[in-house]
Amino acid sequence: MTSAPAAQRQEQRLPQTRGSRKSRKAAWFFVAPAFAFYAAFVLVPLAMSFYYSFLRWDGIGQARFHGITNYVTVLTDPKLLQIIGNAFQLVGYFTVIPVVLGLAVASVIRGHMAGPFGTATRTILFLPQVIPLVAAGIAWSWMFANTGVVNQGLRAIGLSDWARGWLGDFVWALPAVGIIGAWVLLGLCTILLVTGITKIDPSLYEAARLDGARPWHEFIYITLPGLRQEIAVCVTLTVISALASFDIVYIATQGGPGITTMVPGLEIYRLAFAHRQVGLASALAIVLMILVLISIAPIQWFAREKK
Amino acid sequence: MAGLTIRSVRKNYGPVPVIKGVDLDIAHGEFVVFVGPSGCGKSTLLRMIAGLEDITEGTIAIGDRVVNDVEPRDRGVAMVFQSYALYPHMSVYDNVGFGLKLAGTPKDVRDAKIREAARVLQMEHLLDRKPAQLSGGQRQRVAIGRAIVRQPDVLLFDEPLSNLDAALRGDMRMELARLHKDLDATMIYVTHDQVEAMTLADKIVVLDGGVVQQVGTPLELYNKPANLFVAGFIGAPNMNLVAGTVDAINAGELTIALGATKVRVAIEGATSLKAGDAVTLGVRPHALTADASGPLKGIVQLIEQLGNETVVRVKLAEGEEITAVLPGQSGHAVGAPITLAFDPASAHLFGTDQLRVG
């Protein structure tokens with residue numbers, strides 16, 4: 001009898017038939033429209049950005065080859081380095097808070113998923129996801145303002161000394177922007193994690209209870225490993241949101257005060273369209289893309305199906 | 001190890017009663033099988049013993065300790081689940097040792113116990129594998145290993161063989177019987193498969209509609225079913241049940257009229273039945289023989305040749321259909337007439353209250 005893997009190996013050795021070549025052509029034919037769009041709107045702009053990153057160009061006039069000067073500037077200019085650092089600080093807020101809170105919510109409502117409590121919780125937590133980012137940014141700008149609800153609350157509980165214009169404060173502006181991002185992304189993470197937790201066989205929790213597990217053990221030994229893929233998706237999406245953030249920062253602070261909340265996405269826009277340094281903006285964009293890829297590579301490795 | 005006492009236990013899901021008052025005594029070291037059709041409450045009762053379901057009313061005691069409000073981890077029970085419930089990201093070694101790890105068992109002691117359980121279940125070569133790399137039978141062994149390694153007072157099995165194919169089920173049945181003998185453990189086993197129940201159990205508890213129908217040894221249930229439900233449920237093929245009336249009463253014997261056909265049935269002791277009372281006659285298919293002088297005449301409807309025996313479906317002259325299991329390879333043909341007989345002592349009689357007579 002031939003075992004299944006042996007059969008697969010045998011199949012791989014078979015010479016290509018006319019039929020298989022034909023089906024490959026058909027496959028390319030079906031992929032072609034999507035690939036054309038992908039090439040036109042992703043691959044070509046990426047290649048153009050890469051090309052521009054070696055130029056000194058104001059976007060209108062004559063471009064001059066500039067070597068790797070733009071990259072040297074990106075990697076040595078203290079201001080640009082701080083801007084990149086700001087993005088990584090935002091990862092702490094955009095990623096950690098939604099994933100941790102999402103896990104907590106998923107664990108709490110696991111047993112009540114089908115009931116009204118579960119439905120209400122999921123709906124409420126997903127709401128920020130359907131609110132446009134611009135609207136969320138404006139709403140939070142009001143809430144963080146001197147007379148906003150945050151300061152009203154602090155004054156109401158006797159913490160008037162803590163009240164401040166959060167988005168205008170050199171120390172607190174970046175955390176405040178981080179809180180806005182965390183609020184926006186919490187719904188997405190919660191939905192992903194709540195959906196993921198329903199896939200975990202409930203008998204695993206029962207077996208663990210009989211094995212002597214307490215709720216904390218159940219979380220560590222069953223929930224976390226069971227949600228590995230979903231956690232990886234959440235972390236990937238939120239890390240990208242943080243590193244490539246633009247709209248929330250643009251609406252809430254425009255990068256200020258100073259450059260305390262400036263992020264690469266906004267700086268690229270500013271360099272390209274306000275300062276007319278298209279080459280430097282492109283170099284920053286390429287560096288940002290590489291940083292995003294480097295950041296999410298270990299997450300993807302962590303999430304892979306271990307055979 | 002310890003015995004188990006269940007007293008007036010009830011379970012309601014909202015207004016719906018699922019377990020309607022169960023009383024049961026299980027001795028230390030006994031292998032007890034809960035059997036019944038789907039939805040009869042057998043798994044619910046098992047889960048109440050495990051502590052995975054709350055008890056609405058009544059008490060469950062393991063040994064001398066009432067465990068109604070005791071957490072599952074502190075009850076001294078272990079359970080083998082129908083779905084195996086193996087932790088997918090852990091190796092077999094870690095799965096088996098998980099409970100010991102949580103209990104803070106020293107690593108060397110833990111290692112020794114895991115390897116001993118693996119030896120008993122002949123799965124030493126599987127210890128480094130993940131559950132996804134195991135067959136159904138191997139997973140079941142791991143699940144059993146995880147249950148026995150902590151040496152619980154009571155081992156619970158919730159339809160553990162139902163996901164296995166017939167051949168593997170047979171092998172695992174024998175392994176479980178061997179394990180019970182080796183461990184001298186109190187085991188409670190839930191199944192809807194009466195073959196498993198008959199072959200494994202010291203004592204069978206037949207449940208239907210959340211009520212215990214009969215408790216007894218496999219042969220007690222087979223030979224003296226307490227009511228129509230047990231009579232129809234225990235034994236394969238099912239017992240033939242034919243409605244009739246009492247025609248005459250003699251010492252130790254009744255004559256039952258099945259339409260125009262009259263059959264004799266032996267009964268033990270006195271009976272309150274009188275001529276004209278409606279009864280149900282029960283005859284096991286294996287108790288029927290092809291005998292030209294027999295009282296049951298009919299036409300063969302269906303024949304199943306099993307090699308060592310032949311299952312014959314017969315339509316009686318009165319319109320009822322019965323099944324006979326005849327020894328060897330019968331030469332009967334579909335559509336041909338057949339006459340069947342049975343030993344009056346092998347027949348069962350049930351009154352209108354569905355309870356056994358005699």
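The following questions and answers explain how terms are applied to this predicted model.

Residues are numbered from 1 along each chain as its sequence is written, and chains are lettered from A in the order in which they are written. Local features need pLDDT of at least 70, side-chain atom pairs count only at pLDDT 80 or more, totals for chains, interfaces and linings use all residues, and side-chain values use heavy atoms, with hydrogens and water left out.

Q: Why is helix 4 of chain B called largely enclosed?
A: A residue is buried under 20% relative accessible area, exposed over 50% and partly exposed in between (1.4 Å probe, protein chains only). Ten of the 13 residues of the helix are buried, so the rest of the structure largely encloses it. Among them are B:G137, B:R141 and B:I148. Contact means heavy atoms within 4.5 Å, and the cover includes helix 9 (202-211) of chain A and helix 5 (166-183) of chain B.

Q: What makes strand 2 and strand 5 of chain B edge strands?
A: Strands are DSSP runs (E, at least two residues), and two strands pair if DSSP finds at least two bridges between them. The open sheet has the order 2-1-4-5 with antiparallel pairing. Strand 2 (16-26) and strand 5 (65-66) each pair on one side only, and these are the edge strands.

Q: How do you know that strand 4 and strand 5 of chain B pair?
A: Two bridges join strand 4 (residues 57-62) to strand 5 in the antiparallel sense, and the definition asks for at least two. Within this pair, B:A61 stands opposite B:V66.

Q: What is the buried area between chain B and chain A?
A: Buried area is the accessible area (1.4 Å probe) that two parts lose on being put together, summed over both. For these chains it is about 1,800 Å², with 59% on carbon and sulfur atoms.

Methods. Helix = DSSP H or I, 4+ residues; strand = E, 2+ residues; numbered from the N terminus.
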